[in-house]
Amino acid sequence: MNDTETAFQRHGHVPAPHPEARAWVMEMADLTQPDRIFWCDGSEAEKEALYAEAVRQGVLIRLNQEKLPGCYYHRSHPSDVARVEQCTYICSETEVEAGPTNNWSEPKAMRSRLLGMAKDSMKGRTMYVVPYLMGPHGSPLAKVGIELTDSIYVVLNMRIMARMGQIAWNHLGMGTDFNRGLHCLLDLDPARRLICHFPERNEIISVGSGYGGNALLGKKCLALRIASALGRKEGWMAEHMLIMGVESPTGEKSFVAAAFPSQCGKTNFAMLVPPEEFKGWKVWTVGDDIAWMKPGPDGRLWAINPEAGFFGVAPGTNAKTNPNAMRTIQRDTIYTNVALKPDGTVWWEGHDDPPPAECLDWQGRPWAPDSKEKAAHPNSRFTAPMVNCPNLAPEAHDPAGVPIDAIIFGGRRPNTVPLVFQAFNWSHGVFLGATMGSETTAAASGAVGQVRRDPMAMLPFCGYNMGRFFRHWLDMRKSIKYPPRIFHVNWFRKDGDGRFLWPGYGQNMRVLQWVFGRCRGRSGAHETPLGWVPRFEDFNTEGLAGFTRETFEKLQAMNADEWKREILQQDELFMNLYQFLPKDLIFQRELLVARL
Ligand code: GTP
Ligand code: SPV
Ligand code: MN
């Protein structure tokens, strides 16, 4: 045994201080029969031992440590590169509780089926015990989870994405309120892949996938599906939202939360760098994927980012589109399913560097610029600690969170939906979120580019009945004295030739500035059937070369025929949810039809 292995082995004897947690770990170990149990403590020494072990096993490749210090490379199984919505289940006591938009399975039967699959599955392997904290230590909103996994890759990702190790035991104390997550790789056979949630037991069992949202149980499983169900009971909200701060040249600061579906621009918007013309404006990142929000004693809505890292989309990320992300991922980052260059650095489509003359693609096959296939998988990702982010808001660590002034909904729509409009009021804003549509992306397995309804960007993540989720949104208004203003955006509208009409990325600052002004009663607007919109005069186009009134009008256009079709598509979702749909939303639909 070499030194690394000795250090690695030693952790097998760290005891859990918590009797109830320990009993559950032992019960799961009895079932899965690992050769050894590794209790993660979250320390630096442990981190080094884990990386060394992952490299030894061939799970990770150490990247060029001069150019990318602390960075590693991973390829997942080619059939295991995205979330799998068809294998994701909400196992609540009743089917009604899960609602028409979720897969449901009877909890007892599903649980025994899963435990049957997990039985003996860790023989010859290590079971890692990963205690983790979602949210800043000491925050009343923070939650503890324990993930048991036989994937060292999952452990190293969880270590970046959550506050992992001793800090979680400290937060838990002798409390018994923790999420139980069991994760088994099995043989990665897609036919034996199941991601199951038991909201009533605060439990998650995931088998057969080692990828992202399927396997990092703190993220979509706990922080969205389980947490959304808890939030409804306890009067708070768990949302698929980025959180960002905007500061004006005079030092006024507002915080914004925005829900865009997977691969629709949250990371990019959260890390936005204002264009040069915006002298003195600053944007701060609080989070890029998940927000937990609760009314505060001051009557405002307060939000924390439960995560500690970014699991971001690599393709399209470069120094022009997202310089803050590029700087964030220069160190201590795990790259998954991107291309590997001969010098031990990485590349993807839309990288700053030109396509490498030669490299290995995401499946490890030789790739050259004339290759027909993509070098990086469209859902390839980086896992990076948030403390690396140059514009990280100091408030990201604040247990109290940040007060939200604006909520923005948005989707990926090549037509129909204007660049920006504002809801008339909270109920209308909830209607805008509830009726949101967006093109599907590579973040989930299945067809890409098809418009579907994705209410509040939560279709794959709401842990209970979507109709009741809308009701909860409407009800929240009663406990928020100063509700955030609600907006809708679409960065993705195209012209007749299929080109984006809006430059996007840093230029989204112009939309943000209008939103900021609206929250302070400053920006002008005029009323339309869809909501309040900026006139050309109300919208800052200074320095935006070649951007004319005509382009602006194309971006903001509301076409009656397109909107007829849109309302019919919205009706489909409403019909599906009919018996659970709050009357207010049906009323909002009638009002919209009347206005149009
Ligand atoms: P998840 O991590 O899957 O939840 O995604 P996300 O919402 O954080 O999406 P992300 O910011 O990673 O963006 C996904 C893709 O959209 C990337 O390829 C971006 O380059 C692209 N994108 C982001 N913002 C814009 C924009 O303003 N305009 C255009 N045209 N594309 C954008
Ligand atoms: C998403 O799909 O919305 C993600 C990536 O943020 S995953 O963690 O895989 O869910
Ligand atoms: Mn996401």
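Which helices each supply at least two residues of the shell around ligand 2? They are helix 8 (212-215) and helix 9 (218-234), where helices (H or I, at least four residues) and strands (E, at least two) are DSSP runs numbered from the N terminus. This is a predicted model, in which local features need pLDDT of at least 70 and side-chain atom pairs count only at pLDDT 80 or more, while totals for chains, interfaces and linings use all residues. Residues are numbered from 1 along each chain as its sequence is written, chains are lettered from A and ligands numbered from 1 in the order in which they are written, and side-chain values use heavy atoms, with hydrogens and water left out.

**Manganese site (ligand 3)**

- Lys220 (NZ), His240 (NE2) and Asp289 (OD) coordinate the manganese ion at 2.2 to 2.3 Å; donors are N, O and S atoms within 2.8 Å of the metal (3.2 Å for Na, K and Ca), and sites may look incomplete because water is not among the atoms.
- Along the chain, the spacing of the donors is K-x19-H-x48-D.
- His240 lies in the loop between strand 12 (237-239) and strand 13 (242-247), and Asp289 in the loop between strand 15 (282-287) and strand 16 (291-295); the pair is 49 residues apart and links distant parts of the chain.

- The residues around ligand 2 include Arg83, Lys219, Phe311, Ala443 and Phe461, a residue being near if one of its heavy atoms lies within 4 Å.
- The manganese donors Lys220, His240 and Asp289 are also among the residues around ligand 2.
- Oxygen atoms of ligand 2 lie 2.5 Å from a side-chain N or O atom of Ser262, 3.3 Å from one of His240 and 3.4 Å from one of Asp289; a polar contact is a pair of N or O atoms within 3.5 Å.
- On its own, ligand 2 has 290 Å² of accessible area, of which the protein covers 98%; such areas come from the Shrake-Rupley method with a 1.4 Å probe.
- The shell divides into three nonpolar, four polar and five charged residues. Ala, Val, Leu, Ile, Met, Phe, Trp, Tyr, Cys and Pro count as nonpolar, Asp, Glu, Lys and Arg as charged, and the others, Gly among them, as polar.

**Surroundings of ligand 1**

- Ligand 1 is surrounded by 22 residues, the closest being Gln263, Lys266, Asn268, Arg381 and Tyr505.
- An oxygen atom of ligand 1 is 2.7 Å from a side-chain N or O atom of Arg381, and a backbone N or O atom of Pro315 lies 3.1 Å from an oxygen atom of the ligand.
- The protein covers 92% of the 660 Å² of accessible area that ligand 1 has on its own.
- Helix 10 (266-270) and strand 18 (309-313) are the elements that give two or more residues to this shell; helix 10 gives the most, with three.
- Nine nonpolar, nine polar and four charged residues make up the shell around ligand 1.

Conventions:
A polar contact is a pair of N or O atoms within 3.5 Å; within protein, one must be able to donate a hydrogen and the other to accept it, and residues adjacent in sequence count only if both atoms are side-chain atoms.
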